[in-house]
Amino acid sequence: MFPALRMRRLRSSQHMRELFSETPINYEKLVMPVFVEEGLEGKREIKSMPGIYRHSLESLSSYVKELEDLGLNSVILFGVPAHKDSEGSSSYDEEGVVQKAIRLIKDNTQMNVIADLCLCEYTDHGHCGIIKDRNVDNDSTLPVYARIAVSYAKAGVDMVAPSGMMDGQVGAIRSALDSNGYGGIAIMAYGAKYHTSLYGPFREAADSKPGSGDRRGYQMDFRNSREALREMEEDEKEGADILMVKPALFYLDIISLSRQKFELPIAAYNVSGEYSMIMGAVKDGLLKDEVIEESIVSIFRAGADIIITYFAEYLLKNR
Ligand code: PBG
Ligand code: ZN
């Protein structure tokens with residue numbers, strides 16, 4: 001008790017503070033999202049996400065090499081196809097843009113390649129699944145997801161990350177991978193994926209806005225936390241290797257709860273809107289760029305093992 005106890009002793013100098021700091025930024029645990037657009041020439045900046053680009057295959061290849069040289073280990077790929085239809089058939093095309101990107105990156109780098117697995121970038125209606133009777137139909141979507149997973153595995157992906165929030169998606173993908181000889185491919189399950197306005201900038205980046213309606217019928221209600229644990233429990237049972245919470249910053253309580261409840265690695269997705277908010281404020285001079293480190297540390301402190309973040313490149317450059 002005071003005056004014998006003085007908490008300020010351990011904060012008295014920079015070296016002291018370093019010695020007693022509890023939470024490092026683990027650079028080898030950062031994953032950078034990258035966008036590849038079929039038919040694009042060069043690269044194009046995404047307006048709502050300053051510093052983030054859609055790449056052509058060529059530009060992607062040199063960009064990922066740069067990331068590797070900076071010391072980054074992992075990327076998660078998102079594709080923007082030239083052709084969209086009601087079934088999202090470009091998604092499982094072996095000559096599709098993501099399949100090509102996977103091969104290119106695996107041929108030219110040592111990078112760990114994760115591929116987001118969903119239909120919203122590939123369907124003309126922009127929903128994450130197949131539409132039946134004006135509804136996003138769960139069970140007819142599962143075989144399509146399974147087919148995408150196998151095509152990514154064939155291209156050489158290390159891990160698939162199903163983000164469509166269909167029930168049973170992890171199990172369907174696990175059994176398709178296993179029965180096609182891809183038992184070694186990991187699944188990162190977007191278990192607790194909330195419906196949020198924070199995906200707005202991403203939908204510009206990936207051209208994946210739903211044409212009508214919204215995703216409330218499959219993504220989680222942000223008022224719920226116990227439901228997130230049920231979602232993740234189910235994903236674990238279906239064979240997920242990693243559980244994800246998404247978004248991250250308004251959902252630190254969910255990261256912390258899931259860290260306590262599960263032994264699996266927990267990934268947090270620091271989403272596009274979180275990037276845009278913080279980067280926008282930094283660019284406008286409203287906040288110092290130190291806020292970036294603080295926000296990422298808060299996600300690690302909450303218990304995330306892995307962070308998917310658009311700040312990965314920035315953090316590595318300013319290490
Ligand atoms: C596709 C998908 C989305 C994100 C990742 N995968 C968008 C959505 O569900 O609408 C969001 C990523 C981000 O905002 O950074 N289902
Ligand atoms: Zn989707």
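Colleague: Which helix does glutamate 293 lie in?
Modeller: Ground rules come before the answer: this is a predicted model, where local features need pLDDT of at least 70, side-chain atom pairs count only at pLDDT 80 or more, and totals for chains, interfaces and linings use all residues. Residues are numbered from 1 along each chain as its sequence is written, chains are lettered from A and ligands numbered from 1 in the order in which they are written, and side-chain values use heavy atoms, with hydrogens and water left out. Helices and strands are DSSP runs (H or I, at least four residues, for helices; E, at least two, for strands), numbered from the N terminus. With that numbering, glutamate 293 sits in helix H10.

Colleague: And what does glutamate 293 count as, in terms of accessibility?
Modeller: We call a residue buried under 20% relative accessible area, exposed over 50%, and partly exposed in between (1.4 Å probe, protein chains only). Glutamate 293 has 48% relative accessibility, so it counts as partly exposed.

Colleague: Which residues gather in a patch of negative charge on the surface?
Modeller: Patch members have over 30% relative accessible area and no salt bridge; like charges are joined within 9 Å, and nonpolar side chains (Val, Leu, Ile, Met, Phe, Trp, Tyr) within 5 Å. The areas come from the Shrake-Rupley method with a 1.4 Å probe, and for residues only the protein chains shown count as cover. Lys and Arg count as positive, Asp and Glu as negative, with His and the chain ends not counted, and a charge is placed at NZ of Lys, CZ of Arg, CG of Asp or CD of Glu. The negative patch is made of Asp289, Glu290, Glu293 and Glu294.

Colleague: What about positive charge: where is arginine 11 found?
Modeller: Arginine 11 belongs to a positive patch on the surface, together with Arg6, Arg8 and Arg9. Helix H1 covers 14–20, and arginine 11 is found in the segment before helix H1.

Colleague: How many salt bridges does a search of the whole structure find?
Modeller: Side chains of opposite charge can pair when their charged atoms come close. Here, a salt bridge is a side-chain nitrogen of Lys or Arg within 4 Å of a carboxyl oxygen of Asp or Glu. Searching the whole structure turns up 12 salt bridges.

Colleague: How many residues apart in sequence are the parts tied together by arginine 54 and glutamate 37?
Modeller: Their side chains meet in a salt bridge at 2.8 Å, N to O. Arginine 54 is in strand E3 (residues 53–55) and glutamate 37 in strand E1 (residues 30–37), so the pair ties together parts that are 17 residues apart.

Colleague: Are arginine 54 and glutamate 37 buried or exposed?
Modeller: That one comes down to their relative accessible areas, and the cut-offs are the ones given before. Both arginine 54 and glutamate 37 come out as buried.

Colleague: Which helix holds arginine 259, the partner of aspartate 305?
Modeller: Aspartate 305 and arginine 259 form a salt bridge, with the closest N and O atoms 2.5 Å apart. Aspartate 305 is in the loop between helix H10 (290–302) and strand E12 (306–309), and 46 residues away, arginine 259 lies in helix H8.

Colleague: Where is proline 247 found, the one with the cis peptide bond?
Modeller: A cis peptide bond joins lysine 246 and proline 247, with omega about -5°. Strand E10 covers 242–246, and proline 247 is found in the loop between E10 and H8.

Colleague: Methionine 165 has a positive phi; what does the residue count as in terms of burial?
Modeller: Phi is near 60° there, in a residue other than glycine, and methionine 165 lies in the loop between strand E8 (159–162) and helix H5 (169–179). Its relative accessibility is 6%, so methionine 165 counts as buried.

Colleague: What does aspartate 133 count as?
Modeller: Aspartate 133 has a positive phi too, near 50°, and lies in the loop between strand E6 (130–132) and strand E7 (135–137). At 77% relative accessibility, aspartate 133 counts as exposed.

Colleague: Finally, what radius of gyration does the chain have?
Modeller: The radius is taken over C-alpha atoms, and the globule rule is 2.2 Å times the number of residues to the power 0.38. For 319 residues, a compact globule would be near 20 Å, and the chain agrees, at 20 Å.
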